[in-house]
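Biologist: Please show me the model and its sequence. Then I will ask about it piece by piece.

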Amino acid sequence: MRVSSEEELAEAVRGACAPLTVRGGGTRPVGSTGAGAALDVSGLAGITLYEPGALTVVAKAGTPLAALEAALAAEGQRLAFEPADWRGLLGTAGEPTLGGMVAANVSGPRRVQAGACRDALLGVRFVDGTGAVVKNGGRVMKNVTGYDLVKLMAGSWGTLGVLTEAAFKVLPAPEAAATVVIGVEGADAAVRVLSAALGTPFDVTGAAYLPGEGALVRIEGFAASVAYRAERLAAALGAHGPVAVEADAERVAALWCRVREVAPFHGKAGDVWRISVRPSDAPGLVARIGGAWMLDWGGGLVWALVPEGSDLRAALGPIRGHATLIRAAAATRARIATFAPEPAALAAISAGLRARFDPRGILNPGLMG
């Protein structure tokens, strides 16, 4: 079932007699049960409002992310939270869309400085599980009517409503960027140097670690400022290990694309987990994993590649965090939930929200538990 307007979508949801699996570009089928008919919303595409001077863009949910980013780049602007493309990681085709990005709250390495997708989201339109059209938020940051509901849609994975349009705050693209590479080995050393970098006054916009490649610290801004801060940052971090500065724009962009898209795990067999923890807990977690791993967000995000069927939630032990199963075979997904079970109080709130927005339980059933 493919819709091309908000009215068609609302009618399709109202008339549904069975569960619906919401599909945009089809690039992030994380945890999809495949239950019910596919509801294709990729026909809801196009930028409906772009005001570069107001740093605001509004687009329909099926708009290809590449098209939106190209329009912003033409005006020297960007989505500050650095959305990732997981096609290489998940082995999927299609085109990432705006709606899928919001539904998954996809946020890249720059989250440590610019915040997540939900932090840039100003307003949304969506169709809830009853077929009603809901509008929340606005097109400028000062309009905070319903702001919490706007944020709630980010990361809801289509279980509360089917997004039709979203408004974003955008920011100017930087004139230059550089990456300071520190030759350290192991999670302990990596977290120490990344924490030290984030604690400096040099406005770090990326802090990651790729085993075998070193700790990576990115700075962006005006060319003269970037050059000065890269030199000072390299000097400040020199005590942790050998330091090199990469200032070539193309190589810097390619390096952070590898981090953002989890490139070291592309084409490699095994399950992929995404685990959010306190950076100080990352070394202990890595010691428990027993597979390949990499760090982002200064150690607050651990990506792990482990043998098929491994349940990394058990590996968390006393460590507080959230483990999400991003890539796995159907047999593993049937046994291990995609998302971590919520504490009882939070689960009750989540259930209440789903009952309010999707009382029939037809939108992406079973995805969030």
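Biologist: In which strand is the place of Lys-169?

Modeller: First, this is a predicted model, where local features need pLDDT of at least 70, side-chain atom pairs count only at pLDDT 80 or more, and totals for chains, interfaces and linings use all residues. Residues are numbered from 1 along each chain as its sequence is written, and side-chain values use heavy atoms, with hydrogens and water left out. Strands (E, at least two residues) and helices (H or I, at least four) are DSSP runs, numbered from the N terminus. Lys-169 has its place in strand E8.

Biologist: Is Lys-169 buried, partly exposed or exposed?

Modeller: Buried means under 20% relative accessible area, exposed means over 50%, and partly exposed lies in between (1.4 Å probe, protein chains only). Lys-169 has a relative accessible area of 32%, so it is partly exposed.

Biologist: Which strand does E4 join through five bridges?

Modeller: Two strands pair if DSSP finds at least two bridges between them. Strand E4 covers residues 56–60, and its partner runs antiparallel to it. The partner, residues 162–169, is strand E8.

Biologist: Which strands stand at the edges of the open sheet?

Modeller: The sheet has five strands with antiparallel pairing, in the order E3-E4-E8-E6-E7. An edge strand has a single partner, so one side of it is left without a neighbour in the sheet. Those strands are E3 (47–51) and E7 (133–137).

Biologist: Which helix packs on the sheet, touching E3 and E4?

Modeller: Contact means heavy atoms within 4.5 Å. Axes are lines fitted to C-alpha atoms, for helices over the stretch in contact, and angles run from 0 to 180 degrees between N-to-C directions. The helix direction makes about 25° with that of E3. The helix, residues 65–74, is H2.

Biologist: How many residues has the largest nonpolar core?

Modeller: A nonpolar core is a set of buried Ala, Val, Leu, Ile, Met, Phe, Trp, Tyr and Cys residues joined through side-chain atoms within 4.5 Å. Leu-79, Met-101, Val-102, Phe-168 and Trp-303 have the most contacts inside the largest one. Helix H10 (residues 249–260) gives the largest share, four residues. The core's total is 53 residues.

Biologist: Which side chain has a polar contact of 2.8 Å with that of Thr-179?

Modeller: A polar contact is a pair of N or O atoms within 3.5 Å; within protein, one must be able to donate a hydrogen and the other to accept it, and residues adjacent in sequence count only if both atoms are side-chain atoms. Thr-179 lies in strand E10 (residues 176–182). Thr-179 is buried, at a relative accessible area of 0%. Its polar partner is Trp-256.

Biologist: How far apart are the end C-alpha atoms of helix H8?

Modeller: The expected span is 1.5 Å times one less than the number of residues. H8 has twelve residues (187–198), so it should span 16 Å. The model agrees, with its end C-alpha atoms apart by 16 Å.

Biologist: Why is strand E17 largely enclosed by the rest of the structure?

Modeller: E17 covers residues 321–327 and pairs with strand E14 (residues 271–277) in the antiparallel sense over six bridges. Val-272 stands opposite Arg-327. E17 is largely enclosed because its buried residues number five of the seven.
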